[in-house]
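Here is a short briefing on one structure. Please read it alongside the sequence and the coordinates.

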Amino acid sequence: MNITESVVSNPIQLDKSRLKRTKSGKIKVKVLRRSQVVTNITLVSLVILTIYGFLSFNYKNINFLEAVNNTITNVRTMFLDSALNHFTLSESLYQILITMGLAFLTTVIGGVISLILGLFAAKNLTNEKVSNVIKGFVAFIRAVPTILWVLIFAVAAGLGSVAAVIGMTFHTVGYLIKAFSESIEELDEGVIEALKASGASWWQIVFQAILPSTATYLLAWTFLRFEINFTNAVAMGAAAGAGGIGFELFMASGFYFDVREVGFITYLILAVAVLLEILSTRIKNRYLY
Amino acid sequence: MEIDLFKKRRRQMTIVTVIIVALIIFFAEITKYDAIKGFTSIPAAIRWMFANFYPNAKSLDKLPSILSKLNETIFLSISSTTTAGVLALVFALFGSRTTKINNFLSSISRFIASIFRNIPVVAWAMILLFSFGQNALTGYFALFFVTFGFLTRVFIETIDEASYESVEALQATGATYFQIVFQAVIPSSLPQLISWLLYMIETNIRSSTLVGILTGTGVGFAFSLYYKSMNYNAASLVVIAIVLTVFVIEIISNYVRRVIL
């Protein structure tokens, strides 16, 4: 008897307490929740910061319309009339290959280091302390822009492929350890427990349970990173003298002022980047979600 | 049978390993990468960092100028991200399966976004440098284009995931296109969209350092100036300032994400 009564009477009571009224007695249709308040504050502050940003930039009295017009003319020449003037097509393809090589070496070295450290960063394989130390260190590595790592290593190793690969590896390791350890942490706790109960050693757990069941995730993440590293390698060629197509781009733009060549090089980079993106999207849709 | 399976797997593993090793040797050869020098350079660099790469009292004098450059970089990344986000939202609405107007516009907007994001930010900076010169706007537009391309792609994915049922429900009630977009699509995907915006602001702080080195603006310029004049104490101060900025932005965006998602 009591139960039915409470069921019948409760919803009405609940509703009354939930209804909020305005001063004139109307029922409020929209009730602000914390998430909505934070959403609004975020949007408003982004708008204010953007406006402030535009006001604070040092435009150096640039003639905006003229610059835009020039850019449009340049872009048109660049992409409709692109040509190679300082080197041949086969040389430029070779430069693309060098950039790919920098990205590949970085990804392989970074992948191996991340695999080992990623195991120690996963909470279900080690204790909380070790995991937090590694993750904190890795967050620091990720916060420093890749170009700065490369330039820092360039002091010890000299400008060139060694500094570029080691510098980019740092950032790759920062990214992959986070991805790897999170993939491993998502693994079903029962599998590890079952192996532990049967007396398996730590290495047996890693090789018999962890690696077989997460291998596809780890490989997919590694390939995603290869895609990012290709773009990075182009940037390091331009900004840190690492060679490859990025360096040619920098020379064509900054030294020869050759718009047509910049256009051609951009086409080459675009073609490789689109190809890598299509591949990595396929891999991502198939293995990561 | 089982033994054969293991044998097959082992053979596959061997083939893959051989291919990877061959590629490593080939690429190390053409990029002139010296593996031994690579590994020995890490301890050498760490030793060098402990000996030279820390801020001292003299470099603290440079702090006000570094902070004003850093300010420029932060605002560059915020304003390029938000403005690119607005444009990306329009393109994403055209491009998404649930809110597209027709297939033609959808393919066009996806294609444009793909071009913009796949031309690296360095290439954009080099292209814009011709007519904008060493100006904050060079960096702004370079970041704007790449951010626009990237955000259009992830916004399309977000809209596709978040709002199909509510769009269907509103269509059944006879709502107009704009009513559907503003009452269903945007409200239901807004938290995810904001989360992507915050992620991109964080990424753009790092990218704008790179762009700054090339275009002579912001904190990237400050770093390359001190670096080239071998004033490593001041350069290390720049790195510390960037790291702290990224951490603060990460903490704020993690808080916002926790509350709104």
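Predicted model: local features only at pLDDT ≥ 70, side-chain atom pairs only at ≥ 80, totals over all residues.

Chains A and B touch through 64 residues from chain A and 59 residues from chain B. The largest nonpolar core has 147 residues.

**Contact between the chains**
- Chain A puts 64 residues into the contact, and chain B puts in 59 residues.
- On the side of chain A that touches chain B, helix α2 (residues 34-56) of chain A gives the most, with 12 residues.
- That side of chain A is made up of 44 nonpolar, 17 polar and three charged residues.

**Nonpolar core**
- Which residues have the most contacts inside the largest nonpolar core? They are A:Val150 and B:Val238.
- Domain 1 (2-52) and domain 2 (59-260) of chain B each supply at least three residues to this core.
- B:Val238 is in contact with B:Ile66, B:Val219, B:Ala222, B:Phe223 and B:Tyr226, leaving aside neighbours within four places in sequence.
- In soluble globular proteins, nonpolar side chains tend to be buried together.

**Domains of chain B**

**Helices α4 and α5 of chain A**
- Helix α4 (residues 89-121) of chain A packs against helix α5 (residues 128-143) of chain A at an angle of about 135°. Their axes are 8 Å apart.
- The angle lies between 115 and 145 degrees, so α4(A) is oblique to α5(A).
- From α4(A), A:Leu117, A:Phe120 and A:Ala121 take part in the contact. They meet A:Val130, A:Ser131, A:Ile134 and A:Lys135 of α5(A).
- By type, the residues of this contact are five nonpolar, one polar and one charged.

**Positive phi in two loops of chain B**
- B:Lys32 is not a glycine, yet its phi is positive, at about 60°.
- B:Lys32 sits in the loop between α1 (2-30) and α2 (35-52) of chain B.
- Is B:Lys32 buried or exposed? B:Lys32 has 12 other C-beta atoms within 10 Å, so it counts as exposed.
- B:Met230, also a residue other than glycine, has a positive phi near 60°.
- The loop between α10 (218-228) and α11 (232-260) of chain B holds B:Met230.
- B:Met230 is exposed because it has 10 C-beta neighbours inside 10 Å, and the cut-off for exposed is 12 or fewer.

Key:
Residues numbered from 1 in each chain as written. Chains lettered and ligands numbered in written order. Contact = placed C-beta atoms within 7 Å. Helix = DSSP H or I, 4+ residues; strand = E, 2+ residues; numbered from the N terminus. Nonpolar A, V, L, I, M, F, W, Y, C, P; charged D, E, K, R; others polar. Core = buried A, V, L, I, M, F, W, Y, C linked by C-beta atoms within 7 Å. Buried ≥ 20, exposed ≤ 12 C-beta atoms within 10 Å, placed from the backbone. Domains from an automatic or database assignment. Axes fitted to C-alpha atoms, helices over the stretch in contact; angles between N-to-C directions. Parallel < 35°, antiparallel > 145°, perpendicular 65-115°, else oblique.
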